[in-house]
Amino acid sequence: MRLAEGYANAYFALLDTCNNQRTNLIARRPHNAPPQRDTGPRINDKIRNAEIRLIGADGENVGVVSPSRAMVMADEASLDLVEISPNANPPVCKIMDFGKFKYETQKRESEARKKQKIIEIKEVKFRPNTDTNDYEVKMRNVFKFLENGDKVKVTLRFRGREMAHLNLGRELLERVAEDTKEHGKVENFPKMEGRQMVMLIGQLPSKG
């Protein structure tokens with residue numbers, strides 16, 4: 001009976017060892033996985049400089065102190081010590097509510113992304129012999145695109161013997177540039193790309 005109990009105990013001990021080894025193997029980081037990196041500013045005990053320039057919770061300039069002294073002051077205020085200017089000498093840190101600071105930063109970034117305008121390049125195609133009515137229709141599109149904040153790629157395609165009269169195409173694009181000078185600015189002047197002449201018009205520089 002005792003021999004059977006001994007075998008049983010040895011079996012369960014071996015089973016526990018195998019399970020522990022399996023758990024350790026699963027928990028290990030894969031060989032090729034990149035190490036995790038901290039993002040954002042250093043806070044609290046992550047700040048290991050010998051000295052820092054400290055700004056208090058109310059915005060007052062405390063002066064140059066050790067991180068340990070700054071941590072004591074942060075703990076007394078129930079706040080965090082946050083590095084706000086790591087490249088300064090010594091680094092500048094501030095006592096603040098890091099959770100609130102992080103939330104407000106993410107909120108500002110989100111609002112900025114919403115306001116950001118994605119500039120598209122719209123193409124308007126002309127022909128060397130574009131007549132007056134067709135020219136006016138195409139120019140209305142050019143003005144509309146520029147007013148919407150987009151850039152306009154003006155393309156003039158030549159066919160067959162028209163390649164012998166590139167000067168006519170250049171004159172047409174110069175006319176387009178002149179007619180749009182109150183609405184946009186030529187960024188790329190007329191140039192040949194294969195059998196077509198191309199000009200890019202962008203926004204006027206913002207005033208002030």
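In this predicted model, strand 3 (residues 80-85) and strand 4 (residues 92-96) run antiparallel and are joined by five bridges. Within this pairing, Leu81 has Ile95 of strand 4 as its bridge partner. The two strands form a hairpin, with six residues lying between strand 3 and strand 4.

Strand 8 spans residues 196-203 and is mostly covered, since seven of its eight residues are buried. Strand 7 (residues 184-193) runs antiparallel to strand 8, and seven bridges join them. Lys185 has Gly202 in strand 8 as its bridge partner. Strand 7 and strand 8 also form a hairpin, here with two residues between them. Gly194, which lies in the turn, has a positive phi of about 70 degrees. Strand 8 pairs with strand 6 (residues 151-157) as well, again in the antiparallel sense, over six bridges. In that pairing, Leu200 of strand 8 stands opposite Lys153.

The loop between strand 6 and helix 5 (166-179) contains Glu162. The side chain of Glu162 makes a polar contact of 3.0 Å with the side chain of Arg127. When residues up to four places away in sequence are not counted, Glu162 touches Arg127, Pro128 and Arg157.

The aromatic residues may be considered next. A pair of aromatic rings is described by the distance of the centres and the angle of the planes. Across the whole structure, a search finds two aromatic pairs. One of them brings together Phe98 and Phe101: the ring centres are 6.2 Å apart and the planes are at 35 degrees, so the pair is tilted. Both residues belong to helix 3 (residues 98-115), and because they are three residues apart there, about one helical turn separates them. Is Phe98 buried or exposed? Its relative accessibility is 16%, so Phe98 counts as buried. Phe101, by contrast, counts as partly exposed because its relative accessibility is 27%. The other pair, formed by Phe126 and Tyr135, is also tilted, with 5.8 Å from centre to centre and 55 degrees between the planes. Phe126 and Tyr135 are both buried.

Another loop, between strand 2 (61-65) and helix 2 (67-76), is the place of Ser66. Ser66 counts as partly exposed because its relative accessibility is 27%, a value between the limits of 20% for buried and 50% for exposed. The side chain of Ser66 is joined to that of Ser68 by a polar contact of 3.0 Å. Ser66 may also be related to Ile52, which is 14 residues apart from it along the chain: their C-alpha atoms are separated by 6.0 Å.

The chain has a mean pLDDT of 81, and 79% of its residues reach 70 or more. Over residues 22-27, however, the pLDDT is below 50, and this stretch has zero contacts in the model beyond near neighbours in sequence.

Methods: Residues are numbered from 1 along each chain as its sequence is written. This is a predicted model: local features need pLDDT of at least 70, side-chain atom pairs count only at pLDDT 80 or more; totals for chains, interfaces and linings use all residues. Side-chain values use heavy atoms; hydrogens and water are left out. Helices (H or I, at least four residues) and strands (E, at least two) are DSSP runs, numbered from the N terminus. Buried means under 20% relative accessible area, exposed over 50%, partly exposed in between (1.4 Å probe, protein chains only). A polar contact is a pair of N or O atoms within 3.5 Å; within protein, one must be able to donate a hydrogen and the other to accept it, and residues adjacent in sequence count only if both atoms are side-chain atoms. Two strands pair if DSSP finds at least two bridges between them. Contact means heavy atoms within 4.5 Å. Rings of Phe, Tyr and Trp (its six-membered ring) pair if their centres lie within 6.5 Å; planes under 30 degrees apart count as stacked, over 60 as edge-to-face and the rest as tilted. pLDDT is the predictor's confidence in each residue, from 0 to 100.
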